[in-house]
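Here's a quick tour for anyone meeting this structure for the first time. Have a look at it, then read on.

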Amino acid sequence: MSKIVIIGNGISGVTAARHIRKNSDNEIVIISAESEHFFSRTALMYVFMGHMRFQDIKPYEDYFWEKNRIDLVFDYVNHIDTDSKILEMKGGSKITYDKLVLAVGSKPNKFGWPGQDLPGVQGLYTYQDLETIEENAKTAKHAVIVGGGLIGIELAEMMHSRGIETTFLVRESKFWRSVLPEEDGDLITRHIIDHKVDLRLNTELTEIIAGDDGRVKAVKTSEGDIVECQIVGLTAGVSPNVEFVKASKIEVDRGIKVNEFCETNIQDVYAIGDCAQFNESINGRRTIEQVWYTGRIMGETVAQTICGNKMPYNPGPWFNSAKFFDIEYQTYGLVLANREENENSFFWEHPKGKISVHVVWDKASGEFIGINTFGIRMRHDIFDKWLKEKVSVDVVMSELRSANFDPEFYRTYEKEIVDQFNSKTGRNVELKAKQWWRNLLAK
Amino acid sequence: MKNLKKIGFVVFMLGIVLFIGNIFMGEYKFDGDKIRSHFDSTPDVFDKGDSIASGFIDAVQQYEATNSAPTTNIVTFNAALPQIIDRHNHNVSDALAATEGLSSDDVQSVVSGANQESGIVYSEEVIRGALGDNENKVKMLVDNTSWMYTDQRDFADVAEFESTLQSKVDELNGSVGTQYHISKEKWSLLDINKAMVESGAKTSTWLWFFLTFGLIIIGSVIYNGTNYKILGEAGIKNDGIYHESATNRGWVAWIVLLFLVGFYVALYFFPQYIANAVLLVDPVSEGLSGNPASQWFLYGFIYCVAMSVMAIRMYIKYRHNRYQIFRTTVVLFFQIAFAFIIPELLVRFNMPYYDFKNAWPLDYDFFFTYNIESLIDNGTLGIFMLVWGIILTLIIVPIMVYFFGKRWYCSWVCGCGGLAETLGDPYRQLSNKKMWAWKLERYLIYSVLVFAVIMTGLVLYTFFTGSGSLFGIDTYYISVVYGFLIGSIFSGVIGTGFYPIFGNRTWCRFGCPLAAYMGIVQRFKSRFRITTNGGQCISCGNCSTYCEQGIDVRAYAQKGQNIVRSSCVGCGVCSAVCPRGVLKLENGPEENRFGNEGPIVLGNDGFELNK
């Protein structure tokens with residue numbers, strides 16, 4: 001029996017701990033300086049908006065950890081001594097380990113803007129950020145959000161829920177244009193404006209201005225405008241939270257360098273989740289992946305390796321989802337922001353402009369590459385199978401009815417979508433009747 | 001628009017205040033004319049009604065002669081009323097005992113007739129011999145003392161026989177004239193209150209109907225209707241639910257609780273105190289059934305009103321979600337048509353009051369003797385209702401649960417569910433999600449089911465054998481206990497009264513025996529499940545938080561497992577509030593119903609997943 005110490009109690013670290021427990025009798029310790037218990041980071045916004053209490057976003061009841069013999073330490077690791085396998089804690093104690101898993105997550109990017117550390121300027125990542133924004137929101141009338149990505153729009157929605165006017169600075173020509181194709185970005189961009197958010201595209205932050213009280217008073221944009229505000233949300237992406245690792249012998253680049261088994265350069269030290277940087281791209285993916293799902297997959301995988309069943313990180317076809325105000329988004333496979341040379345695409349949008357489907361396939365072979373849907377839910381299982389089997393886009397389009405995951409009685413648009421697909425692409429897809437989706441999986 | 005919403009709120013509150021105020025208003029008086037018209041429905045004919053009325057007036061006068069306190073408001077009136085009824089009933093028995101009861105001479109002649117050389121001989125023959133041709137007296141003894149016959153028991157001597165007979169005769173004399181007695185049951189007290197009160201609700205019923213129900217309806221329609229604009233675009237709007245004291249167990253929630261609990265306690269146990277409220281709906285009741293309203297009619301009316309105005313709220317809140325729209329419409333239809341209007345119309349056409357959708361054991365008194373007898377007495381239709389009720393429980397319910405899950409009943413048809421899904425929707429997040437609550441749920445709900453089955457079995461035993469007890473258990477007593485504990489306290493006072501604190505499905509989750517029965521079917525033999533969409537769950541907790549049945553939906557979803565739980569009523573809100581499109585209510589083949597069984601979630605190709 002060995003002692004496994006995991007630093008970080010986010011989805012990666014906790015998934016690793018759960019699976020180590022399932023597969024072994026090892027002693028497990030999770031260290032976190034952020035919160036006593038695991039919570040769902042993606043749900044912080046709902047606590048602020050009053051949908052849930054903090055206790056509701058904890059996926060496991062507090063008794064869970066003791067019952068599963070997972071020791072929790074609420075402290076900060078100052079230094080990792082890999083030679084003697086000792087963690088030096090801020091609280092003064094020392095924790096030994098046999099195997100160490102670094103699941104320390106990320107921190108918001110700051111690009112050296114003047115005034116970026118003023119009171120009232122913050123990101124939205126940690127539990128402490130939630131406490132800060134609760135405090136900041138008490139007196140705020142106007143907020144400026146910098147960075148047009150997922151956390152940016154979450155912050156905008158949070159401000160909207162409290163009636164705080166919001167200016168949203170987005171560097172690109174459309175919201176999340178670095179990830180979404182033009183049409184998709186356009187749909188969400190319109191939706192943001194519908195919510196009375198002062199959206200400023202092609203605009204960057206140049207300076208944050210302090211008031212007499214030393215708090216943020218306004219920002220200056222690249223257009224030269226001054227926007228008065230009491231909150232500035234910095235949401236221009238996140239980067240691995242590795243400062244405290246740099247003093248150790250563990251190799252760090254942008255993230256903690258790991259091989260396909262999530263092993264660092266030091267024996268018995270692993271890194272998973274947002275903070276890990278793979279030496280080489282795996283399954284064609286980026287070397288740093290900062291998504292809930294990849295953190296979970298790495299946690300599942302590293303647990304196997306630690307428990308003696310050495311297993312490489314092997315994520316399946318890409319998938320993701322999000323919600324932008326009232327519009328849900330799902331993606332399966334790879335729909336790039338800008339189409340590659342070899343790719344063809346088809347975009348369908350509902351006349352009211354809140355529902356859309358974007359499909360991408362290979363020009364030459366017709367192989368289905370990916371799909372984005374807005375306002376329509378799709379079945380993960382089926383797309384996972386189609387992507388692995390490299391089916392033709394015609395198969396996907398003909399089986400759209402069975403792939404739909406919307407609640408019962410919802411209006412569906414497969415007929416319109418396929419009709420338009422046929423007329424625009426010259427292909428001849430026949431829409432099939434809905435069948436029990438598991439029959440499709442069995443085929 | 002926000003100002004309009006405030007106006008709606010003010011109008012609504014004004015209606016509520018007037019509704020409560022109305023109950024306590026008016027003058028309560030034992031007035032001779034009113035007494036006469038209440039008890040004597042045929043004033044032109046001299047009949048029983050005249051006797052009761054004048055007897056009651058005498059009792060009132062006797063009461064007033066010995067009690068100087070006035071009886072002019074709701075409290076003092078109802079303090080005096082039972083005493084006056086007692087006095088009246090006592091007077092009646094006293095007066096009639098001489099003529100219709102058995103005098104001491106009668107007893108003596110029976111005793112001497114029975115005292116024979118061979119010992120005490122008591123039989124119908126002896127009674128006839130002693131009392132001769134007075135058929136009434138003969139009948140009284142034959143009907144009530146046959147257990148004293150010689151072939152039934154022995155008496156040691158004349159003294160024992162005489163004392164036994166005398167005490168039975170005293171008892172019989174006390175109940176002489178029951179047809180002239182006035183009942184002290186709740187319905188009778190309510191009726192007398194309704195008759196005696198002099199109030200706005202009585203004299204200007206429609207005006208007060210408008211000032212109470214009218215303002216409440218108008219106010220809440222405005223309040224709920226303005227949400228259409230205020231909430232903005234269609235979509236999940238749960239902003240601020242845990243910031244509002246009405247929905248986070250704050251002080252507003254406790255005030256609402258007090259109001260609801262107070263209402264249920266009055267309704268079930270002290271309906272005489274809400275006579276003025278019942279008077280408000282008399283015209284509606286007369287329009288439907290032809291009869292004046294009872295407290296149950298008032299309850300049904302309020303129930304329908306509450307569901308209707310809160311259905312407007314549901315239509316606006318979930319206008320993007322057709323499952324919620326359809327479900328709300330259907331459950332509202334079943335409440336208004338099947339639970340409220342049709343039974344009243346049946347009464348109008350002299351048919352038995354019957355709610356065709358109310359299935360035993362939720363409808364726990366379906367097999368009570370009075371109900372079975374009333375159905376049998378009503379010919380073909382009554383027999384049909386009896387058979388329908390049995391088919392509904394034994395065949396239709398399980399078959400429908402097999403195909404659609406218990407949601408077909410709990411969320412689409414049932415009245416309790418209907419109120420929970422409309423009036424109770426703002427409180428759905430308050431259900432307890434902890435493991436101990438789930439354990440408590442399983443103990444409680446199946447205990448109630450067992451209780452209901454045993455109670456019904458005993459009642460049926462009595463119906464078929466005529467014996468009032470089995471294994472020493474008084475079957476009538478146990479049915480009364482069930483009605484009080486489960487039928488009134490659990491389902492009403494706690495089930496609905498505690499909406500603002502325990503959430504909206506307390507009864508359905510912890511107490512309903514029909515839900516327990518359907519839950520067993522749903523768990524083990526059904527095509528229904530909530531499918532988890534592969535690996536898309538982010539463990540945010542919206543599904544668990546907004547599950548009114550306290551199911552920790554997330555615990556399944558984050559493992560990629562489907563949700564197959566006996567308690568799920570299929571409201572569909574977990575699916576609605578999910579920000580990532582993870583949950584879908586579905587009916588499908590039983591094979592693979594539980595979905596992914598392993599701990600690994602879809603998206604990780606290092607593992608072979610259960611397909």
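## Two helices in chain B

The axes of helix 2 (residues 32-39) and helix 3 (residues 48-66) of chain B come within 8 Å and cross at roughly 150°. Here, axes are lines fitted to C-alpha atoms over the stretch in contact, with angles running from 0 to 180 degrees between N-to-C directions; helices (H or I, at least four residues) and strands (E, at least two) are DSSP runs, numbered from the N terminus.

On the helix 2 side of chain B, Gly32(B), Ile35(B), Arg36(B) and Phe39(B) meet Gly49(B), Ile52(B), Ala53(B), Phe56(B) and Ile57(B) of helix 3. Contact needs C-beta atoms, placed from the backbone, within 7 Å. That contact splits into six nonpolar, two polar and one charged.

## A word on the model

This is a predicted model: local features need pLDDT of at least 70, side-chain atom pairs count only at pLDDT 80 or more, and totals for chains, interfaces and linings use all residues. Residues are numbered from 1 along each chain as its sequence is written, while chains are lettered from A and ligands numbered from 1 in the order in which they are written.

## Where the chains touch

Chain A and chain B each put 47 residues into their contact. On the chain A side, helix 7 of chain A brings the largest share, six residues.

## Domains of chain A

Chain A is divided into domain 1 (3-107 + 239-306), domain 2 (121-236) and domain 3 (319-442), with bounds from an automatic or database domain assignment. The centres of domains 1 and 2 of chain A, taken over C-alpha atoms, are 30 Å apart.

Note on methods
Two residues are in contact if their C-beta atoms, placed from the backbone, lie within 7 Å. Ala, Val, Leu, Ile, Met, Phe, Trp, Tyr, Cys and Pro count as nonpolar, Asp, Glu, Lys and Arg as charged, and the others, Gly among them, as polar.
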